[in-house]
Amino acid sequence: MRLHKSRLLSLAGLSAVALALAGCGEVNQTIDKAQACLEAPKIVTELGAQITKLTDDPQAMDKALDDAAAKLGDVADQAANTTLKEASDNLADKLSGISVQNVNDAVDAAQQVGKETVTYLETVRQACTN
């Protein structure tokens, strides 16, 4: 009987650990969402600041767009919130799809990024306040 009792205590201990770990998972998701809610607007704000300075440097603007798209892709991968993930993936795809070959493309890209980021930031705001 003693052997049986120690197995029950071991199972009870494992159950307690499993419950604790399950609770930690929920906390990590909240942290991931909170982190995504901080990171996403920061990436877009930095991109906006860069783009205004790079309208005369198409290569640098193209690189800035690709870098921002990669960062947004990382945010999307970490986002516990489906809305944040989809919005970040969507904007990352749009940014990486913009090709800047000359100064005219750079001006057009700056306008397009401005429009896209306004929509994105509104989606992020709504997802982060819920």
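The legends below describe close-up views of a predicted model.

**View 1. Overall fold of the protein.** Of its 130 residues, 28% count as buried, meaning under 20% relative accessible area with a 1.4 Å probe.

**View 2. Packing of helix α2 against helix α3.** The axes of α2 (residues 58–78) and α3, which are lines fitted to C-alpha atoms over the stretch in contact, come within 8 Å and cross at roughly 160 degrees on a scale from 0 to 180 between N-to-C directions. The two helices are therefore roughly antiparallel, a term for angles over 145 degrees. Contact, defined as heavy atoms within 4.5 Å, involves residues including Leu65, Ala69 and Leu72 of α2 and Ser88, Leu91 and Leu95 of α3.

**View 3. Packing of helix α3 against helix α4.** Helix α3 (residues 82–96) and helix α4 (residues 103–129) pack at an angle of about 170 degrees, with their axes 9 Å apart, and they are therefore roughly antiparallel to each other. Among the residues that make this contact are Leu84, Ala87 and Leu91 of α3, together with Val113, Tyr120 and Val124 of α4.

Residues are numbered from 1 along each chain as its sequence is written. In this predicted model, local features need pLDDT of at least 70 and side-chain atom pairs count only at pLDDT 80 or more, whereas totals for chains, interfaces and linings use all residues, and side-chain values use heavy atoms, with hydrogens and water left out.

Notes:
Helix = DSSP H or I, 4+ residues; strand = E, 2+ residues; numbered from the N terminus. Parallel < 35°, antiparallel > 145°, perpendicular 65-115°, else oblique. Buried < 20%, exposed > 50% of the residue type's maximum accessible area, 1.4 Å probe, protein only.
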